[in-house]
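Let's take a walk through this protein together. Have a look at the fold below, and then we'll visit a few spots one by one.

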Amino acid sequence: MLELKRIVSFKEEDFDADEHIKASSLMYCFQEIASEHADILELGFEQLIKENLIWVMNKLKFRIYGKLKPETGYEVSTYPRQKRAATWFRDYYVHDMSGKLMAAGTSQWCMINFETRKIVRTDMDFEGEYTERRAFEEEIERIRIPELEEAGEHTVLEEDIDVNRHTNNCKYADMIGEVLKRNDYESFTINFSHETMLGDRILFYKGEADGNTIVVGRTTEGRQVFQASVKLS
């Protein structure tokens with residue numbers, strides 16, 4: 001079965017002053033185990049870049065079911081699900097050491113050409129047995145955008161940039177946390193539309209829809225960067 005498990009612990013800096021885990025820290029945990037698993041399955045960064053390809057996340061959703069704590073061991077597991085067309089699917093679980101589910105997530109990925117930044121359809125795939133198990137019954141939902149108000153801005157810094165030469169997905173979660181001034185999430189969904197690079201200004205807008213808080217990031221030219229929907233506890 002195509003699955004990877006690791007024991008991890010979160011540091012004090014992964015939590016805010018109210019002891020809520022930051023969305024970026026959970027996303028980074030998912031990102032790291034996904035990257036390690038892709039390397040093991042021979043479709044990691046070093047393998048793909050030889051073909052001028054990179055992984056890019058399109059969508060992510062997670063739910064938190066229990067109170068995560070710093071300096072505590074958790075079992076994190078991940079597996080890919082069968083891809084469809086140019087979209088790959090990967091799920092994640094965080095269990096405490098007694099086996100209780102503390103958090104779960106799902107994500108959608110595509111491959112893009114490193115130079116042109118265009119989505120690439122390829123016959124590449126992970127070799128092995130896929131699971132039918134799913135983190136959630138539903139796929140990642142479309143986010144309904146309500147009337148929005150201005151909520152600040154951020155200029156992309158060197159520390160925001162990752163190996164793909166664009167803003168790391170986890171950094172957007174930090175930006176959302178700054179907009180909301182809260183990290184007490186029950187659920188967190190983010191859809192990515194357009195990458196940003198060093199020096200780009202991202203303008204933030206927020207509103208409410210269907211009981212969730214919506215945060216949208218746009219470039220100064222009005223191009224949508226991301227849209228997020230969070231349910232606060």
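Helix H3 is largely enclosed by the rest of the structure, because 9 of its 12 residues are buried; buried means under 20% relative accessible area, exposed means over 50%, and partly exposed is in between (1.4 Å probe, protein chains only). Among the buried ones are Tyr172, Met175, Ile176 and Leu180. H3 covers residues 169-180 and reaches 17 Å from its first C-alpha to its last, close to the 16 Å expected at 1.5 Å a residue. That expected span is 1.5 Å times one less than the number of residues. Helices (H or I, at least four residues) and strands (E, at least two) are DSSP runs, numbered from the N terminus.

Keep in mind that this is a predicted model: local features need pLDDT of at least 70, side-chain atom pairs count only at pLDDT 80 or more, and totals for chains, interfaces and linings use all residues. Residues are numbered from 1 along each chain as its sequence is written, and side-chain values use heavy atoms, with hydrogens and water left out.

Now for some loops. Most residues other than glycine have a negative phi. Ala85, though not a glycine, has a positive phi of about 55°. You'll find Ala85 in the loop between E3 and strand E4 (87-96), and it counts as exposed because its relative accessibility is 55%.

Asp210 also isn't a glycine, and its phi is positive, near 55°. Asp210 sits in the loop between strand E8 (201-209) and strand E9 (212-219), and at 62% relative accessibility it counts as exposed.
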